[in-house]
Amino acid sequence: MHPALSVIFFTVISGAGYGLLFLLGLGLIVDPQLVARNEVLLVLVVGAGAAAAGLMASLFHLGQPQRAWRALSQWRSSWLSREGVSALASFVPVCALAVLIWRGVDTTVVRACALALAALATATVFCTAQIYASLKTIHAWNNRQVVAGYLLLGLLAGAAWLLCAHALFWPLFEAGDVTPNRVQCVLAVLVLLLALTATVWKISYWRFLDRSRHAATIESATGLGSFGTVRSAETPHTEENYLLREMGFVLARKHAARLRQIAALLIGLVPVPVASLLLWPPIATSGWLASACAAAIAASVTAGCFVERWLFFAEARHVVTLYYGAEHV
Amino acid sequence: MTMLPQPGTKKLGLVIDLDICVGCHACAVACKEWNDGGDFGPLPDENPYGKEPLGVWFNRVHSYEVTGDGRRETGDKAQVSNALPSLSSGFPSPAMTVHFPRSCLHCETPECVTVCPTGASYKRAEDGIVLVDEDKCIGCKLCSWACPYGAREYSEQRGVMQKCTLCVDRIYNESFDEIDRQPACVMACPTRARHFGDLGDVDSAVSKLVAARGGYDLMPEMGYKPVNKYLPPRPRRDGSTCTSAKAAPEAIDPTKLPPLLRWMDKILSR
């Protein structure tokens, strides 16, 4: 499949933004008093900003972006529509929390808003993944691993961003009832675990891709299998067409192997040791070193997600390429 | 509305006879010509007279070479092997070229419709035709990803998805003579390899043709239930069953020959 930059940017940046908002929601459920802190407002703005930026980027993928509002109408059948509805709905608790931070604290209302935020953030990323996972035409996407992969990577990127925001901006705000080190420790452990899980998950997904194929063959596509082996003898057109440009994009195996290594490095091999460093007191307590570590993790994870998402599209083979002589999909 | 309608009794579609299609592309050209000026047109091309022309066609004619008799795995073995009788001689089928027109199959459960976020892509309840409302389409291309048959092509110029309309602007067109109320591709086919009709009606000519010739679905394993059917090539004779080749006698019995030939046989046998 053709890896459209707008869609890659959308899924990575919104995924991270919703991951951040989900973790913020969890934090506020655990401790509603956090809402009194300006740091929380900043994190809220970063998360919602990333989600909005991703949504805006996705409009560039459309042929008629001015009609995008129509995409909210078919939520009963379409995962893309459900994603749109859920993405927009998540801005309601975002705005409500912003008002609560502005106006004052009501524990129950904060908890309710935080719960809605966490649920809608999860639902949005789930719907994004389902858009791909529901397509029976693409073996690389139509499996259970895809949804978990999107949720895991969104959460990992969100946790990495939260850790980074915490380390960078904590000194700017006065300390409250939560000591900075404990929050940092919790986030570092979370990043470490998520990075490990996500890397193992992606590696198992890539092994699955290498070892399995779609059930369709050129024989079933043409229905001529009972006569023998079918081979494309002549294509219908001498130049490319939309189908070959959009669905016929297949990445050379050589690059796939290298890019998978790069993705695994950026998602797992860099963040895990660096997050471990943040658990070591001398580094954890030194302000600028801790900030540098957290920033490195966030940058590495974000870049890793871009590589992973590019591969997710570029490696996917579409059934229609069978008609054009693809050996397998 | 992208929820599928209750399945109706009328299922308009095409039956394509792979036995007699000669791969002339007349159907594809006629389709392009009609639809460029039809109700759903135009079908603009990018760089039409340049080095690399690119444009939307609703109909594409492939050619395949089929060799050997090795039955490779197919999506639905039982259905395909029932539908396609092999040679009775037991000899391997000879290699053959099959011309294969590919267009929208107007599936009974088309996911290109259900994935559409806007309601632009829809299946008509009254006759099962799958259409795109180009005034609602946002050009997200998701429907083309959901279609395994490559029926939908995106127009870069118009920013919307386009597809076969089964010439809905011809088949109900009362300004045409009744005989002309057929899709342009069917009208154009010089070998009558394309048939149009109601596949929901078991007594229709197309349904009878499908029953008689073992018409089959493409990629039944996808579960989209295509309405269009393909008729398999008839078994080819490969020479191994010819009586002249099989029964050529090695020895002549001179006593059974007429007198003149018996005399010639005698002279020549010396």
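**View 1. Contacts within chain A.** Take the contacts in chain A between residues at least 6 apart in sequence: 79% of them join residues at least 24 apart. The model shown is predicted. Of the 329 residues in chain A, 49% are buried.

**View 2. Elements of chain A.** Chain A holds 13 helices and 1 strand. Read from the N terminus, the order is α-α-α-α-α-α-α-α-β-α-α-α-α-α.

**View 3. Dimensions of chain A.** Along the principal axes, the C-alpha atoms of chain A fill a box of roughly 75 × 45 × 30 Å. The radius of gyration of chain A is 22 Å. This agrees with a compact globule, because one of 329 residues would have a value near 20 Å.

**View 4. The side of chain B that touches chain A.** Here 62 residues of chain B are in contact with 50 residues of chain A. Six elements of chain B each give two or more residues to this side: strand 4 (60–67), helix 2 (77–83), strand 5 (96–102), helix 3 (111–114), helix 4 (142–146) and strand 8 (153–155). Strand 4 of chain B gives the largest share, 8 residues. By class, this side of chain B has 30 nonpolar, 19 polar and 13 charged residues.

**View 5. Strand pairing between the chains.** Strand 1 of chain A (residues 229–234) pairs with strand 4 of chain B. The sense is antiparallel, over 5 bridges. Within strand 4 of chain B, B:Glu65 stands opposite A:Arg231. Strand 4 of chain B is also the element with the largest share of the side that touches chain A.

Terms used: Residues are numbered from 1 along each chain as its sequence is written. Chains are lettered from A and ligands numbered from 1 in the order in which they are written. This is a predicted model: local features need pLDDT of at least 70, side-chain atom pairs count only at pLDDT 80 or more; totals for chains, interfaces and linings use all residues. Two residues are in contact if their C-beta atoms, placed from the backbone, lie within 7 Å. Helices (H or I, at least four residues) and strands (E, at least two) are DSSP runs, numbered from the N terminus. Ala, Val, Leu, Ile, Met, Phe, Trp, Tyr, Cys and Pro count as nonpolar, Asp, Glu, Lys and Arg as charged, and the others, Gly among them, as polar. Two strands pair if DSSP finds at least two bridges between them. The radius of gyration is taken over C-alpha atoms; the globule rule is 2.2 Å times the number of residues to the power 0.38. A residue is buried if 20 or more other C-beta atoms lie within 10 Å of its own, exposed if 12 or fewer, and partly exposed in between; C-beta atoms are placed from the backbone.
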